[in-house]
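Trainee: I would like to learn how to read pockets and ligand contacts. Can you show me on an example?

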Amino acid sequence: MAASAELSARLAAVRQTIGDACATAGRPESDITLIVVTKFHPAQLVRDLSGLGVTDVGENRHQEAAEKSAQLRDLDLTWHFIGQLQSNKARAVLEYADVIHSVDRSSLVSALNKAWLERAEASGQEKTIPSFIQINLTDDPGRGGVNPRDLDAFANAMSEHECFDIRGVMAVAPLEEDPAAAFERVARASSQLQTVVPGARFISAGMSHDYPQAIAHGATHLRIGSAITGNRPAGG
Ligand SMILES: *Cc1c(COP(=O)(O)O)cnc(C)c1O
């Protein structure tokens, strides 16, 4: 099935906006990894996106991500797990996820480490897990993410496990706040993280409604859904 003209047009428009925002910020476009968030959409949409040159896709629910990635094994895609991850799903997520953006608590760190060690034992060798530490930009602990005040301690504890390749910070800008102010805090957290984990310079931030501001504040990994896929089907 050919990708719909609308999908192709929306993708082109987002790529254009990314290019413009990079030019304004004086950053090379090669700084940016565009992750298309395909949650709630069928595997066929992911296939169509791949046909349009998309290489990175994001999913936030384990069950759905596992099913879709299994249906699309023939495609050369990088799968990003971006949603809240339950510790008891850690092992299963490692089966298909290439990058985890939502490492945000010690119990999950332990669960991922245990699952990784078991895989390493079974295979004799296991690639480290490219991981982002999710930070919480609100005062609401229910939102998920490490409080930026605890970032140093969390990153230190995480780096004691050999399984993680800590790439940087991830955040969702609160809807009730000016995104620019939120992304400034993300940039500060990123600098702070790099004092603990040199090289963890990547920033996963920016969604459909705020990615130009995220680029202005140093985002390297954009997680864009509806601006490319159109509205999510019911339930999304
Ligand atoms: C759904 C989701 C996105 C993409 O949201 P859009 O507004 O559709 O671009 C990005 N990040 C996370 C964590 C998400 O759950």
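Predicted model: local features only at pLDDT ≥ 70, side-chain atom pairs only at ≥ 80, totals over all residues.

Mentor: Residues are numbered from 1 along each chain as its sequence is written, and side-chain values use heavy atoms, with hydrogens and water left out.

Trainee: Which residues surround the ligand?

Mentor: A residue is near a molecule if one of its heavy atoms lies within 4 Å of it. Here the ligand is surrounded by V37, K39, N60, I82, M207, S208, R223, I224, G225, S226 and R232.

Trainee: Which side-chain atom lies 2.8 Å from an oxygen atom of the ligand?

Mentor: A polar contact is a pair of N or O atoms within 3.5 Å. In this model, a polar side-chain atom of K39 lies 2.8 Å from a ligand oxygen. For S208, a side-chain N or O atom is 2.5 Å from an oxygen atom of the ligand.

Trainee: Where does the ligand sit?

Mentor: Rolling a probe the size of a water molecule over the atoms shows where empty space is left. A pocket is an open set of points on a 1 Å grid over the protein atoms alone, where a 1.4 Å probe fits, with protein on both sides within 12 Å along at least five of seven lines; lining residues have an atom within 4 Å of a point. A molecule sits in a pocket if more than half of its atoms lie within 2 Å of its grid points. The ligand sits in the largest pocket. Its lining has 26 residues, with K39, M170, V172, M207 and R223 nearest the centre.

Methods. Polar contact = N/O pair within 3.5 Å; in protein donor to acceptor, adjacent residues only side chain to side chain.
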